[in-house]
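Colleague: Could you walk me through reading a model like this one? I'd like the general idea each time, then the case at hand.

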Amino acid sequence: MNVEETIQWLFEDNAKEMKKICNKYMTKFGGISEMDYDDFYSQVGWDISKASESFDSSKGKTFKEYIYGVIKLAVWKQMTRRNRGKRQIVIEKEGVDN
């Protein structure tokens, strides 16, 4: 399967295959509500479009093999962005009146 065929396979029938792959990785994280799925799908779609431009077949992988890693990384990045605020400690300074 070449790049164009793989992209068509991923996005045909309302992106059925892309969503199936995304869901596999999202369930490993847990804590994602169904209303958040569209945000993840959007990020993955963006990353797939970028991956199609940067794919190098001379590295020994097919685009289909490559895209699984791209999707996994996209889900991981989106989950990291969402949880970053929860991990950071925010200290508010109290105002001192003179």
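Predicted model: local features only at pLDDT ≥ 70, side-chain atom pairs only at ≥ 80, totals over all residues.

Colleague: Fine. Which residues of α2 are buried?

Modeller: General idea: an α-helix has 3.6 residues a turn, so residues three or four places apart point the same way. Here, Y37, F40, Y41, Q43, V44, D47, I48 and A51 are buried in α2 (under 20% relative accessible area; exposed is over 50%, partly exposed in between, with a 1.4 Å probe and protein chains only). They cover an arc of only 160° around the axis, so they sit on the same side of α2 (the arc is taken from the directions from the helix axis to the C-beta atoms). The face turned away from that buried side carries the exposed residues D38, W46 and E53. Helices here are DSSP runs of H or I, at least four residues, numbered from the N terminus.

Colleague: And which residues touch the most other members of the largest nonpolar core?

Modeller: In soluble globular proteins, nonpolar side chains tend to be buried together. In this model the largest core has 24 residues, and L10, M18, M26, V44 and I71 touch the most other members (a core is a set of buried Ala, Val, Leu, Ile, Met, Phe, Trp, Tyr and Cys residues joined through side-chain atoms within 4.5 Å). α1 (3-29), α2 and α3 (63-87) each supply at least two residues of it, with the largest share, nine residues, coming from α1. Leaving aside neighbours within four places in sequence, I71 is in contact with L10, I21, C22, Y25, V44 and I48 (heavy atoms within 4.5 Å).

Colleague: How many salt bridges are there in the whole structure?

Modeller: Side chains of opposite charge can pair when their charged atoms come close. A search finds three, counting a side-chain nitrogen of Lys or Arg within 4 Å of a carboxyl oxygen of Asp or Glu. D47 pairs with K77, closest N and O atoms 3.3 Å apart; that pair links helix α2 to helix α3, 30 residues apart. D47 is buried, at 11% relative accessible area, whereas K77 is partly exposed at 28%.

Colleague: What about K20 and E17?

Modeller: Their side chains meet at 3.6 Å, N to O. Being three residues apart in helix α1, K20 and E17 are separated by about one helical turn.

Note on methods: Residues numbered from 1 in each chain as written. Heavy atoms only, no water.
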